[in-house]
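This report takes up a helix crossing, a sheet and a ligand shell in turn. Please read it alongside the sequence and the model.

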Amino acid sequence: MAATKLLAAVIDAKTSLDGLTDHDHGHPQFRALDMRDRALVRAILTTALRFRGTIQALIDARLERKLPANAHTLSHVLHVAAAQMLFLDVPDSAAVDLAVTQAKADPRTTRFAALVNGVLREIARRKERALPAALGQTDDAPEWFVTRLRAAYGEAHAADILAAHRLEAPVDLTVKTDAEGWAQKLGGTLLPTGSVRLEKLDGPLTALTGFDAGEWWVQDAAASMPARLFGDIAGLAVTDLCAAPGGKTAQLAHAGAKVTALELSPNRAKRLATNLERLGLSAAIVTDDLFAYEPAELFDAVLLDAPCSSTGTVRRHPDVPWTKGPQDVEKLAGLQARMLAHAATLVKPGGRLVFSNCSLDPLEGEDVCRDFLASHPDMQADPILPGEFAFADPFLNERGELRTTPAGMKQATPALSGLDGFFAARFRKLT
Ligand SMILES: C[S@@+](CC[C@H](N)C(=O)[O-])C[C@H]1O[C@@H](n2cnc3c(N)ncnc32)[C@H](O)[C@@H]1O
């Protein structure tokens, strides 16, 4: 029941899955569940969204006529049941029975109860042959998203990115010291970027060795790169303008900088403070809008890790392509341009500015930087040079910008491979 309601909220109302499944502020039907059922509902939803195209193809194949366009609830009931039968360890009969009961209980779907039963039983009966075929025929992504990926990366790279989106992302940790030792202690893999990668968690993250002692924090390997592009920042005055939850603030503080972390949202600023406290790291936290922020002195280094469409994080957030659209990409690119222009005013002459975000769309990355340079004669590109940082080398474009996609960083197995899509560029203010 809850899974169908939440899927409707994601698909029809474009609400983010993280918000809906927040333990304190999430959807009331989600919060009414016990912890085990919450975990199951989240697993059903991430699966239903990750494989939405495949599931739709299998449903369509069992229907004589397409469902009416307004049959939203019926469609969600079918998707939730099919996700369980096809990808999760739920007995087919249990998933079908529950879907039929649900269809009967809702006046919008009650007359389709027999159809639900028939379609789902057929999907179950044929799944061994039909599932691989359907996986091969669909992209499991909405058309707008596939079109933009192909335009930006070409057919082959876009296909690799879409294939990576079908896998759950591993958990990456940034460790303070002795990455090799921590990889061994936690049964993880040491990545070429220096992060420690755990294929998956068997229990709560907070129960892992080193959590309470603040020895590491969760941060995707790609997300760990932008803050390192300043080089040696020990003793420098650095500001992190969009700071929470604080993965990059923690890196800057750990590197010995005097950090001012700015964050608009008071709740997120609190989370940032809690995270830094656990890690035993310190930064001056300012809760303010960066457009209103007027520091007493300019900074040696400014990091702008701007809000974005988050299309680089689809492996972790499979709702993103279904809740966002091209209009969001455009709107956010405009916001980033304004933020970057403001960030530049906070840099000392001779100081550095790094702009980053986790979008795969060039409109929010490469294009923002091109326009910024064209309209800011006091700022120049400060290309990341090959060999300057070993971790960045495989991901540099011809302008010395960092561009990662989930298709990158191939490791021993697909489950251990990939990284978030990220963009980062470095600038210097002329003296
Ligand atoms: C992509 S997240 C930053 C992630 C963070 N840098 C990290 O590594 O953990 C963007 C953050 O910017 C904050 N933000 C959005 N608009 C802002 C503004 N105008 N001024 C300051 N912070 C803002 C959001 O609340 C959000 O926490």
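## Helix crossing

A crossing is called left-handed if the near helix is turned anticlockwise from the far one by less than a right angle, and right-handed if clockwise; helices (H or I, at least four residues) and strands (E, at least two) are DSSP runs, numbered from the N terminus. The model is predicted, so that local features need pLDDT of at least 70 and side-chain atom pairs count only at pLDDT 80 or more, while totals for chains, interfaces and linings use all residues. Residues are numbered from 1 along each chain as its sequence is written.

By that convention, the crossing of H14 and H15 is right-handed. In H14, Ala333, Gln336, Ala337, Leu340 and Ala341 meet Asp367, Val368, Asp371 and Phe372 of H15, where contact requires C-beta atoms, placed from the backbone, within 7 Å.

## Open sheet

Four strands, in the order E2-E3-E1-E4, form an open sheet with antiparallel pairing, two strands being paired if DSSP finds at least two bridges between them. Its edges are E2 (189-190) and E4 (216-218), each of which pairs on one side only. E2 and E3 (residues 196-198) are joined in the antiparallel sense over two bridges, and Thr189 stands opposite Arg197 in E3.

## Ligand shell

The ligand is surrounded by 17 residues, of which the closest are Cys242, Gly247, Leu264, Leu290 and Asp305; a residue is near a molecule or strand if its C-beta atom, placed from the backbone, lies within 6 Å of it. Helix H11 (247-254) and strand E6 (258-263) each supply at least two residues of this shell.

Key. Contact = placed C-beta atoms within 7 Å.
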